[in-house]
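Here is a friendly walk through one protein chain, from its overall layout down to a few single residues. Have the 3D view open as you read.

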Amino acid sequence: NNICAEGARCLAAVLQSDQCSLTDLVLRDCELRAECLRPIATAIESSKCLLTNLNLSENRIGDEGVRLIATAIESGHCLLRHLSLHCAFATPETFHGTSSQRPLFSLFV
């Protein structure tokens with residue numbers, strides 16, 4: 001599924017909704033790029049977002065996308081505990097350069 005920019009904005013709006021109780025989100029192989037992740041990263045920073053598991057595997061989010069998600073995780077409101085970035089086209093150095101004060105229980109790269 002290719003959701004890219006418009007789909008990511010819609011999904012982000014849902015994640016920040018008071019009615020959303022979604023805790024697991026699999027966006028595996030959805031042809032996402034880093035620019036598509038901006039609204040999703042903003043959403044997971046929101047105190048209304050209840051996501052604890054996020055799978056972004058097999059998307060070409062690259063280093064920029066990993067940094068966006070890492071910044072969101074570091075926010076005081078992010079509940080994310082399990083993150084999958086397998087085949088995310090990011091360099092190993094990016095993972096070494098992202099240190100979060102908020103622990104992930106699992107990170108699959």
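## Layout of the chain

Starting at the N terminus, the elements of the protein chain follow the order α-β-α-β-α-β-α-β. That comes to four helices and four strands. Please keep in mind that this is a predicted model. The protein chain has an average pLDDT of 86, and 84% of the residues score at least 70. Among the elements, strand E1 (residues 24-26) has the highest mean pLDDT, 96, while strand E4 (residues 106-108) has the lowest, 61.

Of the 109 residues in the protein chain, 40% are buried. If you count contacts between residues at least 6 apart in sequence, 83% of them join residues at least 24 apart.

## Helix H2 and its two partners

Helix H2 covers residues 34-45, which is 12 residues. From its first C-alpha to its last, H2 reaches 16 Å, close to the 16 Å expected at 1.5 Å a residue. Which residues of H2 are buried? They are Ala 34, Cys 36, Leu 37, Pro 39, Ile 40, Ala 41, Ala 43 and Ile 44. In an α-helix there are 3.6 residues a turn, so residues three or four places apart point the same way.

What do the buried residues of H2 pack against? Their partners are helix H1 (4-15) and helix H3 (62-74). The table sets out the axis geometry of each pair.

| Helix pair | Axes come within | Crossing angle |
|---|---|---|
| H1 and H2 | 7 Å | roughly 5° |
| H2 and H3 | 9 Å | roughly 5° |

Angles under 35 degrees count as roughly parallel. H1 and H2 are therefore roughly parallel to each other, and H2 and H3 are therefore roughly parallel to each other as well.

On the H1 side, H2 contributes Cys 36, Pro 39, Ile 40 and Ala 43. These residues meet Cys 4, Ala 5, Ala 8, Arg 9, Leu 11, Ala 12 and Leu 15 of H1. On the H3 side, Ala 34, Leu 37, Arg 38, Ala 41, Ile 44 and Glu 45 of H2 take part. Their counterparts in H3 are Glu 64, Gly 65, Leu 68, Ile 69, Thr 71 and Ala 72.

Most residues other than glycine have a negative phi. With that in mind, have a look at two loops.

Glu 58 lies in the loop between strand E2 (53-55) and H3. Its phi is near 60°, a positive value in a residue other than glycine. Because its relative accessibility is 29%, Glu 58 counts as partly exposed.

Cys 87 sits in the loop between strand E3 (82-84) and helix H4 (92-96). Although Cys 87 is not a glycine, its phi is positive, at about 55°. With 40% relative accessibility, Cys 87 counts as partly exposed.

## Ile 3, ahead of H1

Where is Ile 3 placed? You will find Ile 3 in the segment before H1. Its relative accessibility is 25%, so Ile 3 counts as partly exposed.

Which residues does Ile 3 contact, leaving aside its neighbours within four places in sequence? Ile 3 is in contact with Ala 8, Leu 27, Cys 30 and Leu 32. Ile 3 and Cys 30 are 27 residues apart along the chain, and their C-alpha atoms are separated by 6.1 Å.

Notes: Residues numbered from 1 in each chain as written. Predicted model: local features only at pLDDT ≥ 70, side-chain atom pairs only at ≥ 80, totals over all residues. Heavy atoms only, no water. Buried < 20%, exposed > 50% of the residue type's maximum accessible area, 1.4 Å probe, protein only. Contact = heavy atoms within 4.5 Å. pLDDT = per-residue confidence, 0-100. Expected span 1.5 Å × (residues − 1). Axes fitted to C-alpha atoms, helices over the stretch in contact; angles between N-to-C directions. Parallel < 35°, antiparallel > 145°, perpendicular 65-115°, else oblique.
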